[in-house]
Amino acid sequence: MKLKITLSLLLLNLLIVGCGNSQNKEEVTYYEQKLNSPTKSAEALKYYTKGYNEFHSENYEEAIKNYKKAIQIDSNYTDAIDNCALSFRKLNKLDDAEYYYKLSLKKLPKNELAMHNLGLVYMFKNDFKSAKETFKKLLKNNPNYGDGLYSLSEVYLRENNNDSAIVYSKKAYEVWKDNNPEFSADALYYTGLGYLQKGDKKKAMEYFLLANKLGKNISPEIQAKLK
């Protein structure tokens, strides 16, 4: 039984790496995030802009140096703090990323972006307990936060708690279905994964086909599992 569960989780983790908007969106929307606390300091803004440009050039170490200078000038500049944390994530320095996301939340407790990203850091560190607590706290404040619903689903998938994963992926779909086909497809895909992990291939196929209609490719690994 232990070997079966281990192999199942290994397969799931391999699949998650290549699909799901917690990965895709890291490459897209985190760059163009809504500003939470624009600075009044022209000097801080100058370093923030330098950091932003370095980040886009994938010079993450230089980005961090500039973001830190912006934070030194304006310690409440949570936009710089959040992007500094994201730069550390790009370098896979998750402890540093955790520190800066927590700092951001200390400065701006209602910073949903920082709270969601802190939960992701916990998840990537395999601290699923803290990840779930963080996502649930986020959802308590905003039950329709699609990213939080989706990410909580992913945590449960990684834990092989498929019933809970399905509940939250379906909720994420309900939030996104009318205005975001790409993310809706990701939510449907996770629902399919949940059913597949439960051994319900018929239900899994149903959701994978719905995801495919919205443009989500079904991997050969998944197709083989459905046979």
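Start at Met-115, which counts as buried because its relative accessibility is 6%; buried means under 20% relative accessible area, exposed over 50%, and partly exposed in between, with a 1.4 Å probe and protein chains only. The model is predicted, so local features need pLDDT of at least 70 and side-chain atom pairs count only at pLDDT 80 or more, while totals for chains, interfaces and linings use all residues. Residues are numbered from 1 along each chain as its sequence is written, and side-chain values use heavy atoms, with hydrogens and water left out.

**Stop 1: around Met-115**

Met-115 belongs to helix H7, residues 112-124. Helices (H or I, at least four residues) and strands (E, at least two) are DSSP runs, numbered from the N terminus. With neighbours within four places in sequence set aside, Met-115 is in contact with Leu-105, Pro-109, Thr-134, Lys-137 and Leu-138. Contact means heavy atoms within 4.5 Å.

**Stop 2: the whole chain**

Zoom out and colour by secondary structure. The protein chain has 13 helices and zero strands. Of its 227 residues, 50% are buried. Among contacts with a separation of 6 or more, 58% join residues 24 or more positions apart.

**Stop 3: helix H3**

Select residues 42-56, which form helix H3. Its 15 residues should span 21 Å at 1.5 Å a residue, and the end C-alpha atoms are 21 Å apart, which agrees. The expected span is 1.5 Å times one less than the number of residues in the helix.

Which residues of H3 are buried? They are Ala-44, Tyr-47, Tyr-48, Gly-51 and Phe-55. Look down the axis of H3: these residues fall within an arc of 105°, so they line one face of the helix. The arc is taken from the directions that run from the helix axis to the C-beta atoms. An α-helix has 3.6 residues a turn, so residues three or four places apart point the same way.

Show helix H4 (60-73) and helix H5 (78-90) next; both are included in what covers the buried residues of H3. Then step just past the end of H3 to Glu-58, where phi is positive at about 65°.

**Stop 4: H3 against H5**

Keep H3 and H5 on screen. Their axes come within 11 Å and cross at roughly 25°. That makes H3 roughly parallel to H5. Axes are lines fitted to C-alpha atoms, for helices over the stretch in contact, and angles run from 0 to 180 degrees between N-to-C directions. Angles under 35 degrees count as roughly parallel, over 145 as roughly antiparallel, 65 to 115 as roughly perpendicular, and the rest as oblique.

H3 passes H5 in a left-handed crossing; a crossing is left-handed if the near helix is turned anticlockwise from the far one by less than a right angle, and right-handed if clockwise. On the H3 side, the contact uses Tyr-48, Tyr-52 and Phe-55, and on the H5 side Asp-79, Ala-80, Asn-83, Leu-86, Ser-87 and Lys-90.

Now pick Thr-78, also in H5. Is Thr-78 buried or exposed? Thr-78 is buried, with a relative accessible area of 1%. Beyond its neighbours within four places in sequence, Thr-78 touches Asn-36, Ser-37, Ser-104, Lys-107, Leu-108 and Asn-111.

**Stop 5: two asparagines in loops**

Most residues other than glycine have a negative phi. Go to Asn-126, in the loop between H7 and helix H8 (128-141). Phi of Asn-126 is positive, near 65°, and Asn-126 counts as exposed at 53% relative accessibility.

Move on to Asn-160, in the loop between helix H9 (146-159) and H10. Asn-160 has a positive phi of about 70°. At 25% relative accessibility, Asn-160 counts as partly exposed.

**Stop 6**

Select Val-175, in helix H10 (residues 162-176). Val-175 is partly exposed, at 25% relative accessibility. Its C-alpha atom is 9.7 Å from that of Pro-143, 32 residues away along the chain. Not counting residues up to four places away in sequence, Val-175 touches Asn-144, Gly-146 and Leu-149.

Finish by showing helix H11, residues 181-198, beside H10: the axes come within 8 Å and cross at roughly 160°. That makes H10 roughly antiparallel to H11, and the crossing is left-handed. Residues of H10 that meet H11 include Ile-166, Tyr-173 and Trp-176. Among those on the H11 side are Phe-183, Leu-188 and Tyr-195.
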